[in-house]
Amino acid sequence: MTISALAYVVVRSPQIGAWRAFAEQVVGMSAHDLPGGLALRLDERAGRVFVESSEEDRYFASGWEVRSAQDFQAALARLQALGIRYHQGSAADCAFRHVFDMVWFLDPSGNRHELALGFVSAFDRFSSPVGVPGFVTGDLGMGHMVLPAPQIEDTRQFLEAALGFGLSDVLIHRPFGKGGPEQRIYFMHCANGRHHSLALFEGTVPSGCVHLMVEVETMDEVGRAYDRMLAAGVPLMATLGRHTNDHMTSFYMATPSGFALEYGYGGRTIDWDRHTVFESTSVSLWGHDFSVGFGAAEPDHLAAAA
Ligand SMILES: [Fe+2]
């Protein structure tokens, strides 16, 4: 397995001020100015969400963590052996992401993935402007995201072959009932216990991402974030609920760049030697009314799942 965790994500947006306010006053991240954008911290690392000032307004890239220079070289050899064309990250890109080294490439659905090595940290205590004690990161990575994948089979095979992801489980949505067309979501894990670090949604999404998930340490912190969302007038995208597959209790709200942020607690960790891949026919044990923000008539609303 090449990838140890989701290290960071990159957003491109002209709305730097809106991102700062959302991150600090609603999510509880700390925001730090960078030349050309913002670093948003969730822990002691220099940043987990990097917002690059741009005319574009979208989720831009997923940054995957490689543990050592040897693993990084092995990962590049694997890409070369598979004939996958990758690009060296520029010095400016590496500096913006606070990494030693980075290469990037696109999957068959056009999502940008970055392999990164060496993460800057001041090892000072994370300090949330609204008093969030901490986010669940460390070995589990910064969270998970759901990416659009109109070419879902090719994309899954690419991620398995190129990055060593494994399939955790599958959700098959049939908006017109049994026998009708199917819309799939593949939940995938890397080399840590988080149920999924990435999921693929069989469809297109203009913002480049269905949702990004961050996890806090207690249910009370989810409730407090919910209160801050209401106070700030941030749109709710899905009501509070608990997911069937990763057991996350969470709600969804809108980010300034058009994709959702899932704010959760209590995600289970998996021993992959004892896990059996399954198909789920339900998104949530209770709650998670996606019609609130994703549209009741749109089958795509299930894209927010887990
Ligand atoms: Fe999720």
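Modeller: Happy to, and keep in mind that this is a predicted model. Let's begin with a pair of strands: β7 covers residues 99–106, and β8 covers residues 112–119.

Colleague: In which sense do β7 and β8 pair?

Modeller: Seven bridges link β7 and β8. One of the residues involved is V99, whose bridge partner in β8 is F119. The sense of the β7 and β8 pairing is antiparallel.

Colleague: Which strands stand at the edges of the sheet?

Modeller: The sheet is open and has eight strands, with mixed pairing. Its order reads β2-β3-β4-β1-β5-β8-β7-β6. A strand with a single partner has one side left without a neighbour in the sheet, so the edge strands are β2 (30–34) and β6 (87–88).

Colleague: What does helix α2 touch on the sheet, and at what angle to β8 does it run?

Modeller: Helix α2, residues 69–81, packs on the sheet. The strands it touches are β5 (58–66), β7 and β8. Its direction and that of β8 make about 160 degrees.

Colleague: And helix α4, how does it run relative to β7?

Modeller: Helix α4 is made of residues 152–163. It lies across β5, β7 and β8, and its angle to β7 is about 145 degrees.

Colleague: Is α1 parallel or oblique to α5?

Modeller: Helix α1 (residues 16–27) packs with helix α5 (residues 219–232), their axes 9 Å apart. The angle is about 135 degrees. Angles of 65 to 115 degrees would be roughly perpendicular and those over 145 roughly antiparallel, so α1 is oblique to α5.

Colleague: Which residues in α5 do Q25, V26 and V27 of α1 meet?

Modeller: The residues of this α1 and α5 contact divide into five nonpolar, one polar and one charged. On the α5 side, they are A225, R228, M229 and A232.

Conventions: Residues numbered from 1 in each chain as written. Predicted model: local features only at pLDDT ≥ 70, side-chain atom pairs only at ≥ 80, totals over all residues. Heavy atoms only, no water. Pairing = 2+ DSSP bridges. Helix = DSSP H or I, 4+ residues; strand = E, 2+ residues; numbered from the N terminus. Contact = heavy atoms within 4.5 Å. Axes fitted to C-alpha atoms, helices over the stretch in contact; angles between N-to-C directions. Parallel < 35°, antiparallel > 145°, perpendicular 65-115°, else oblique. Nonpolar A, V, L, I, M, F, W, Y, C, P; charged D, E, K, R; others polar.
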